Amino acid sequence: MTAVVLQARVNSTRLPRKALLELDGKTVITRVMDTLRHVPADAYVLACDEVSFPHFEPLAEAAGFACIPGPAEDVLARFCLVIRKTGADVIIRATGDNPFLFPDAAEASLARYRKLVEGDNPPDYFTWSGLPHGSGVEIMNGKSILLAAALTDSSFDHEHVGPALYRHRDRFRCMYERAPEPWFFPKVRTTIDTREDFERATHMMQYLSDRNVPFPYGAESVIAAWNYVSRPLLFVPSTLPGTGTGHLVRTIELMERMRREWLTLLYLGGSDEATLRVPDHLQHTVSQELPEHAHRVILDNFRTDSEFMDRLRSIGPVIALDEGGKGRLRADYLLDIIPSLHSPNTFANRTDPRFIPLPINRKSENVAAVRTVLVTAGGENAARLVHPAGKILAFMDFEVTVIDPDARGISVSPDGYTVSGLVPLLREHLCHYDLVVTHYGFTAFEALAAGCRVILFSPTRYHYRLGKKYGFPVLPVGKLSTSLFSKLVNTETVPAQILDRDAEPLELAAEIGSLAEGESGGCPLCGTADSWRAVARHEARTILRCRSCGMAYTSFLGTKPSDYARSYFFEEYRSQYGKTYLEDFASIKAQGALRIARIDAHYRETFSGEKNPRKTLLDVGCAFGPFLDAARDAGWIPTGTDISAEAVEYVRSSLGIPAVVSAFPAPDPDETLDREKFQAVTLWYVIEHFQDLEAVFARIRKLLVPGGILAFSTPSEKGISARARPSDFWGKSPVDHWTVWDPSRVKRQLAAKGFKVLSVVSTGHHPERFPMMARAERDGFAWKLCLRLSRLFSLGDTFEVYAIKNGTLEDIE
């Protein structure tokens, strides 16, 4: 018999009476019970204490649950009471503060438990790890719960039920498995434990209600609601006089398009004038102060200094649009929509004018002769150039319209040109003019897309240089004359290679949304988010240099890393190396033999005083086991772990070497690796794949004996490829490499993690990658010379590290 047992009480400590708080018209406990009724079971029981019984009993009856009271502090005794009353032999445990349980995941978890029970070693306890905190359940054997209650006198065990089993693994078999992908969201929190949790749950429920999401809520809908509430986008446009109104206009347009899927906030720096420009239905998003946290900061600030950029980055990763200030170097992602005037070391991640909202209305053919002219300088006309330009062009007998932000309505000037106030959606009217005279900015590119000719005047030297760089006919700073206009009107040099009337627009809101879904974080090694500047920028990611430890790390990733399934070891590996991983097994094993020889040498030095020591080794990311095989041949007792189930099965069945599936540093399902200490832990081209190296090194320290050896290999930031062709090196670095190590920094970096480096070995020497050596004869004089130089100056594209665990850090722990 299977029973769903829901534990709850009224007198919760951190949020009193939380089970009776209302979520969209129903109590929290009722919503949990309504969800659990969709999990197939023979009995549904609410197990509460005596004080809670009068409050819960009518709610339980209405929801189809039996309400069974028991001891207030001994929850384990409550479960034993339920088991004896119902005769249940399988318990699905849930708690009353989790209104966003995944019922389909609970049902699948039960099915998985039943399948495991049919095996030779059935579990007493089973759960999936990685579900949102508050969306999972535990499956337990009823008889095992009764036995555990009789054997333990721990108050902790009796208060929490599950620990009575998984804290006593010498008596009970407890299994944890990684949750399947549809439910794997380990960073998400859906439980209600604090007032903040309840407020988030309220907003999530409102999100689901507003969108008429059917009940019970599936994982996809719950995660969408959580994302909306927990991942606000903070928009920060420029509001300073003289920077134009285009930044605020673009920000408002973005918010309009994104606010249904994202919670949007708008920071205007206390500008009353800018606040008045915000539509009424967005006024509630305006914040006079910067929040403490945002999922992403969308910065459209024209020029941001380093100090303000650092302040924004302390709130959340910054996606900067057309950023021109000194803070540009520190932005997490740079998107230049208007091509900028920056040096190679300040290039953007992506530059594409098609993200400008291009006009729908366009000319059907190229302009043959100029008759009609539009003169505009945006929403401010800060340089006061439009009227002098209009006067000259009218004198030249063109039909001229001048946009003046201060004008009201339409009038005719004494000099014979038309004057108009600001025109909503001006871009859709540009096609009615043959020539548009403006400064370098949005309107210039919109006019190109509309099929107009364009001449730029220059409010500043910066505007002039931009116009010249990108091929526009451009007037010198502050200079307007009939002769200059006459010359430029007949100049057809327009930057058609950037935009023309056939250009297809790109959706900026969709791009920002995609970038907001990407991954970001601080330094994987030390955890800080303080960086000097970008090491490299590419469309998919940004690599920064950590100010604290010096690590080059991926701070922003806009694409999904590899999952290291079968396709990686076969199709992807073949595309890179010309053969599959198994076809390359012998070669990789030969490299492993050299590595285990180095480990043996250090091992003899470290453990020279021990008699017949047991040489145990754990290889993390063992793949199909070539290094494990080499280690065994050298007299070691190896064990492997890998995230690929297929690779682990090959190691077990074909090589006969113990191996477990695990997403290191997370424990393996049976915690096999924790049953003994290892003399060596190795990671060959694995360490760069971890996004949280602190957890990795903590786990390694726990697994190693004092003086145990840590050995790993990784790409080198100081190899010949990185030195000779840095742009190519960083551009081709795999997106799932979160760190790129520098061999000159590794001693200090590992010392901070409790390890002493014994040796660093430069590997991966490629003479053909030296400058002018691509076509050099292999084994020729030049080739041999470069190989010798590479080895002499440690210019290999990879390197290996051999270190030992210090005792001091472990002793402190």
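Strand β7 (residues 125–129) pairs with β9 in the parallel sense, and five bridges link the two strands. Two strands are said to pair if DSSP finds at least two bridges between them. Helices (H or I, at least four residues) and strands (E, at least two) are DSSP runs, numbered from the N terminus. Within this pair, Trp128 has Glu177 in β9 as its bridge partner.

The model is predicted, so that local features need pLDDT of at least 70 and side-chain atom pairs count only at pLDDT 80 or more, whereas totals for chains, interfaces and linings use all residues. Residues are numbered from 1 along each chain as its sequence is written, and side-chain values use heavy atoms, with hydrogens and water left out.

The term pLDDT denotes the predictor's confidence in each residue, from 0 to 100. The protein averages a pLDDT of 90, and 94% of the residues score at least 70. Over residues 808–813, however, the pLDDT is below 50, and this stretch has seven contacts in the model beyond near neighbours in sequence. A contact means heavy atoms within 4.5 Å. Where pLDDT is low, the predicted coordinates should not be read in detail.

We return to the sheet that holds β7 and β9. Its seven strands follow the order β5-β4-β1-β6-β8-β7-β9, forming an open sheet with mixed pairing. Strands of a sheet pair through backbone hydrogen bonds, either parallel or antiparallel. At the edges are β5 (66–70) and β9 (174–178), each of which pairs on one side only. From one strand to the next, the twist averages 25°. Helix α1 (residues 28–36) packs on this sheet, where it touches β1 (2–7), β4 (43–49) and β6 (90–95), and its direction makes about 165° with that of β1. Axes are lines fitted to C-alpha atoms, for helices over the stretch in contact, and angles run from 0 to 180 degrees between N-to-C directions.

Helix α1 also meets another helix. The axes of α1 and helix α2 (residues 53–63) come within 10 Å and cross at roughly 30°. That angle makes α1 roughly parallel to α2. Angles under 35 degrees count as roughly parallel, over 145 as roughly antiparallel, 65 to 115 as roughly perpendicular and the rest as oblique. The crossing of α1 and α2 is right-handed. A crossing is called right-handed if the near helix is turned clockwise from the far one by less than a right angle, and left-handed if anticlockwise. On the side of α1 the contact is made by Ile29, Thr30, Met33 and Asp34, and on the side of α2 by Phe56, Leu59, Ala60 and Ala63. These residues divide into six nonpolar, one polar and one charged. In this grouping Ala, Val, Leu, Ile, Met, Phe, Trp, Tyr, Cys and Pro count as nonpolar, Asp, Glu, Lys and Arg as charged, and the others, Gly among them, as polar.

A further pair of helices is α8 (residues 195–210) and α9 (residues 219–230), whose axes come within 9 Å and cross at roughly 120°. The two helices are therefore oblique to each other, and their crossing is right-handed. In α8, the residues Arg200, His203, Met204, Tyr207 and Leu208 meet residues of α9 that include Val222, Trp226 and Val229. By class, this contact has nine nonpolar, three polar and one charged residues. The loop between α8 and α9 contains Pro216, and the peptide bond from Phe215 to Pro216 is cis, with omega near 0°.

Another open sheet has seven strands in the order β12-β11-β10-β13-β14-β15-β16, with parallel pairing. Its edge strands, β12 (286–287) and β16 (350–351), each pair on one side only. Strand β11 (residues 264–267) runs parallel to β12 and is joined to it by two bridges; here Tyr267 stands opposite Ser287 in β12. Helix α10 (residues 246–258) packs on the sheet and touches β10 (233–237), β11, β13 (296–300) and β14 (318–321), its direction making about 160° with that of β10. In the loop between β14 and β15 (333–336) lies Asp322, whose phi is near 50°, a positive value in a residue other than glycine.
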